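Here's a quick briefing on a single protein chain, put together for someone who likes cut-offs spelled out. Have a look at the model first, then go through the notes by topic.

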Amino acid sequence: MTDRRILVVEDDPDTLRRMVSLLETEGWRTTSAANSSEGFYAAVGHFPDLVVLDLELPGMDGCQVIGHLREWYEGPIIALSDRGEEENVIRALDQGADDYLQKPFSQGVLLARIRAALRRARRQRQEPAPPAAAYTTGGLTIDFARHQVTVDGKPVHLTQNEFRIVELLAWKPGQVVPYGYLMERIWGPYGPGNNKILRVNMTHIRRKLEKTPGEPRYLITEPGVGYRIAGPDQEAPADIKTVSASLSQRETGSGDRDRE
């Protein structure tokens, strides 16, 4: 069994079952979803290595889902559709899909496209360069080069993992960074199966950086989604909770389901 996880978002139960069975037979781990909001929550919660997404989903249009995913998700996305018109292909690719498959397609072609996308992602995968030598928001400064954090000009000691968490958040200022992304970047694919260790680290970080840890100014929690660091003076992008709530409202009967 490989450590790669593939998220399959498909509203047809038979097609979803066949694809999941095929991928698991090939040794990949899978997560499945039957509509756009479930797919979005699954992407946030499991941070898959690749997403296979049907464009004809109930609720929000599949291309819109791709656009929202691309606000934070960097892995490959393969779009599936019954429609093969050029404008549909172009729209999906422009929204952020890496590949496009028209139904019906053979199992062999799907597997080959997935393997190719994962190979490209593996070659391209590397830690992004810091956007600047340091990041400052309010009285908090993270110096990437010196591996140092100061609050109101005073140095604060962080452990290696604590600094890594703050660093990853500061690389995406004002944006929600999912729990799964932080877990995978710091502890790897064989790390803890839940985010408890991440929450414990964040508690320690806030005690060191925040004047009032229970009412954080710099390190904000988006419950059930992830964390974000306060942005500088620019407006922060819409957070994942807002997007996922919008998705849920568009789908019949999906708005009242409890989420973990």
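Of the 260 residues in the chain, 48% are buried, where buried means under 20% relative accessible area, exposed means over 50%, and partly exposed is what lies in between (1.4 Å probe, protein chains only). This is a predicted model, in which local features need pLDDT of at least 70 and side-chain atom pairs count only at pLDDT 80 or more, while totals for chains, interfaces and linings use all residues. Residues are numbered from 1 along each chain as its sequence is written, and side-chain values use heavy atoms, with hydrogens and water left out.

**Overall build**

- The chain has nine helices and twelve strands; helices (H or I, at least four residues) and strands (E, at least two) are DSSP runs, numbered from the N terminus.
- Among contacts with a separation of 6 or more, 62% are between residues 24 or more positions apart, a contact being heavy atoms within 4.5 Å.

**Helix α7**

- Why is helix α7 (residues 179-187) largely enclosed by the rest of the structure? Because seven of its nine residues are buried.
- The buried ones are Tyr 179, Gly 180, Tyr 181, Leu 182, Met 183, Arg 185 and Ile 186.
- They pack against several elements, including α2 (36-46), α6 (160-170), α8 (196-209) and β11 (219-222).

**Salt bridges**

- The whole structure holds 13 salt bridges, each one a side-chain nitrogen of Lys or Arg within 4 Å of a carboxyl oxygen of Asp or Glu.
- Asp 54 pairs with Lys 103, with the closest N and O atoms 3.2 Å apart. That links distant parts of the chain, as Asp 54 is in strand β3 and Lys 103 is in the loop between β5 and α5, 49 residues apart.
- Both partners are buried: Asp 54 has a relative accessible area of 1%, and Lys 103 has 17%.
- Asp 98 and Arg 70 form another salt bridge, at 2.7 Å between the closest N and O atoms. This pair, 28 residues apart, also links distant parts of the chain.
- Asp 98 is partly exposed at 39%, and Arg 70 is partly exposed at 24%.
- Asp 143 and Arg 146 meet in a salt bridge at 3.9 Å, N to O. Asp 143 counts as buried at 16%, whereas Arg 146 counts as exposed at 65%.

- Most residues other than glycine have a negative phi, and most peptide bonds are trans.
- The peptide bond from Lys 103 to Pro 104 is cis, with omega near -5°. Pro 104 sits in the loop between β5 (99-102) and α5 (107-124).
- Phe 47 isn't a glycine, yet has a positive phi of about 45°. Phe 47 is in the loop between α2 and β3 and counts as buried at 15% relative accessibility.
- His 147 has a positive phi too, near 55°. The loop between β7 (140-143) and β8 (148-151) is where His 147 lies, and at 47% relative accessibility His 147 counts as partly exposed.
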